[in-house]
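Dear colleague,

Please find below the structure that I am handing over to you. A short account of the findings follows it.

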Amino acid sequence: MGTDIAAGRYFSDPASSCYWERQSGLGGGLEDIIANEFIGFDARQWIVDIAPSDRAFKTDADCGTWFSTPKVGAQTTIPPGIWLVGSQIPAGTYRVNAGSGCYWERTRDFSGTLQGIIDNDFVGSAGPLMVEIKSSDVGFHNDGDCGTWTRVSAVEPVVEGKSERQASPDRIATNWRLHQERERAESGR
């Protein structure tokens with residue numbers, strides 16, 4: 001890090017089968033992987049935060065070129081990929097008629113780690129879904145099985161004394177693990 005690529009936020013328009021890794025070492029073992037992802041669908045955009053403490057960033061040709069600025073501007077729907085809340089997608093309540101295996105995340109960063117997830121879901125059967133993306137969220141990630149989300153309303157104002165449902169860390173970890181297992185199975189890795 002720092003020689004070929006600086007720490008920071010990077011954007012790509014990956015093809016299906018893109019694979020990337022943030023690495024803490026160059027030994028080639030699993031213990032050297034901080035975070036990784038196999039993208040088994042045609043994502044319109046992917047975002048990765050590379051930390052100053054990362055030793056290396058590994059990516060394959062299917063990921064394409066990584067840029068330090070987004071190539072997609074503001075949009076009114078959310079296609080498969082990872083998006084910046086605020087500048088690319090507005091906060092609000094979104095709806096989609098998802099396919100089986102749909103996985104989505106509301107994120108606090110783009111580290112690719114479990115700690116970066118605010119809330120998520122891995123959907124076992126097809127059907128309509130709704131999610132509220134908060135203005136305090138940094139990003140929103142959804143895979144190709146979800147389809148394209150449509151905004152149905154703006155974020156409701158916070159009512160004093162009303163508490164938001166907190167996502168359970170165990171539920172977040174379970175959904176993330178199911179997503180990771182499916183991605184590994186699809187990639188053959």
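Leaving aside its neighbours within four places in sequence, with which residues is Ser111 in contact? They are Trp20, Arg22, Ala35, Asp49 and Gly116, where contact means heavy atoms within 4.5 Å.

Before the remaining findings, two notes apply. This is a predicted model, in which local features need pLDDT of at least 70 and side-chain atom pairs count only at pLDDT 80 or more, while totals for chains, interfaces and linings use all residues. Residues are numbered from 1 along each chain as its sequence is written, and side-chain values use heavy atoms, with hydrogens and water left out.

Ser111 lies in the loop between β9 (103-107) and β10 (117-122); strands (E, at least two residues) are DSSP runs, numbered from the N terminus. Ser111 is buried, with a relative accessible area of 9%; buried means under 20% relative accessible area (1.4 Å probe, protein chains only).

The structure also holds two disulfides, a disulfide being a pair of cysteine sulfur atoms within 2.5 Å. One joins Cys18 to Cys63, with an S to S distance of 1.9 Å. This pair links distant parts of the chain, 45 residues apart: Cys18 is in strand β2 (residues 18-23) and Cys63 in the loop between β5 (56-59) and β6. Cys18 has a relative accessible area of 0%, and Cys63 is likewise buried, at 0%.

In the other disulfide, the sulfur atoms of Cys102 and Cys146 are 2.0 Å apart. The torsion about their S-S bond is about 85°, so this disulfide is right-handed.

Yours sincerely

How values were computed:
Helix = DSSP H or I, 4+ residues; strand = E, 2+ residues; numbered from the N terminus. Buried < 20%, exposed > 50% of the residue type's maximum accessible area, 1.4 Å probe, protein only.
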